[in-house]
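Have a look at the structure first, then read on.

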Amino acid sequence: MIKRVIKRHLPKKVLDILYKFKSRIQNKDDFEWSEYNKKYCKQISEIEKENTLILPEGKYSIVEGKIVLEPSLLHLHPNHKLLYETIYDLKPGSLLEVGCGCGDHLANIQKVLPQTKISGCDLLEKQMKFLLSRHPELKTTANLFVHDITISAPNTKVDLVYTQAVIMHIHRNNRHLNALRNMFYASKKYIVLMENWSRHNFYNGIRKISREPGFPWGNIYLYVNDDGNQILMVISNTVLEGYKELHNNKELLKYLKNT
Ligand SMILES: C[S@@+](CC[C@H](N)C(=O)[O-])C[C@H]1O[C@@H](n2cnc3c(N)ncnc32)[C@H](O)[C@@H]1O
């Protein structure tokens, strides 16, 4: 009850700060993961009432790198749209989604990039079962496995590793840094992050990891893809044309000011 009132009345920026300090003080992740699947399934069906989550065959096109849906359809969630369009632009030969949840992103990216070899991992077996119930085709077209990204690097090496709303929820013992570090070990070229930037200092964390002995990339360049409403981070080991360089963490917070 109190939680609901606070959520309704406080601006998002203040809520973000409160959540951040709560996680820090309690030294806990945002969720009790063993109980998470039920919550997540409910959340997906809520989001689905207002957004198209799965690209419907024959009802979308790609025009100059942008995904265009038939007008009768609900909009794609803006974060997902920016994620898919960025990955479409980078055209990796292979990719891995860390924390792939219900599998919608893997399924959608496979539709826009049919030649790309796709892999997905998640902490929870139950999430994998949910994924296969929504996208049975991924059983044969994707390399799927249960894996805790905070413990070790996945046993695979791909061109691009990405997350969508995963690292932001990991707080216990600063394990979000382990997760990011392990993603570098699995990626040959790019890391793409779509996260709530207020939940960690992502910029400093990634810079710190890149200075550690044994860091697997020779070079590191941090960029953003900014669509005017939200920001996605692209990390590359070569110079990328057409992306804006990221200079500090503050730049990531630009759309979180007053919402
Ligand atoms: C908020 S959900 C997002 C799922 C999906 N990316 C999406 O956008 O719908 C977070 C996901 O990260 C997974 N996860 C949490 N901690 C993880 C870890 N340490 N290693 C791998 N996956 C993890 C959860 O099981 C869950 O599926």
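Let's start with a helix pair. Helix H4 (residues 78-90) packs against helix H5 (residues 104-112) at an angle of about 40 degrees, and their axes are 10 Å apart. Because of that angle, H4 counts as oblique to H5. The two cross in a right-handed way. Keep in mind that this is a predicted model.

Which residues do the meeting? On the H4 side you'll find His80, Leu83, Tyr84, Ile87 and Tyr88, and they face His105, Asn108, Ile109 and Val112 in H5. Sorted by class, the residues of this contact come to 6 nonpolar and 3 polar, with no charged ones.

Now for another pair, further along the chain. The axes of helix H8 (residues 175-186) and helix H9 (residues 202-210) come within 10 Å and cross at roughly 55 degrees. H8 is therefore oblique to H9. Here, too, the crossing of H8 and H9 is right-handed. From H8, the residues Leu177, Leu180, Arg181 and Phe184 meet Gly205, Ile206 and Ile209 of H9. That contact divides into 5 nonpolar residues, 1 polar and 1 charged.

Here are the two pairs in brief:

| Helix pair | Crossing angle | Axis distance |
|---|---|---|
| H4 and H5 | about 40 degrees | 10 Å apart |
| H8 and H9 | roughly 55 degrees | within 10 Å |

On to the ligand. How many residues surround the ligand, and which are the closest? There are 20 of them, and the closest are Gly99, Gly101, Leu123, Ile149 and Gln164. By class, the shell around the ligand holds 12 nonpolar residues, 6 polar and 2 charged.

Finally, step back to the whole protein. Along the principal axes, the C-alpha atoms fill a box of roughly 50 × 45 × 35 Å. A compact globule of 259 residues would have a radius of gyration near 18 Å, and the protein has 18 Å, so the two agree.

Terms used:
Residues are numbered from 1 along each chain as its sequence is written. This is a predicted model: local features need pLDDT of at least 70, side-chain atom pairs count only at pLDDT 80 or more; totals for chains, interfaces and linings use all residues. A residue is near a molecule or strand if its C-beta atom, placed from the backbone, lies within 6 Å of it. Ala, Val, Leu, Ile, Met, Phe, Trp, Tyr, Cys and Pro count as nonpolar, Asp, Glu, Lys and Arg as charged, and the others, Gly among them, as polar. Axes are lines fitted to C-alpha atoms, for helices over the stretch in contact, and angles run from 0 to 180 degrees between N-to-C directions. Helices (H or I, at least four residues) and strands (E, at least two) are DSSP runs, numbered from the N terminus. Angles under 35 degrees count as roughly parallel, over 145 as roughly antiparallel, 65 to 115 as roughly perpendicular and the rest as oblique. A crossing is left-handed if the near helix is turned anticlockwise from the far one by less than a right angle, and right-handed if clockwise. Two residues are in contact if their C-beta atoms, placed from the backbone, lie within 7 Å. The radius of gyration is taken over C-alpha atoms; the globule rule is 2.2 Å times the number of residues to the power 0.38.
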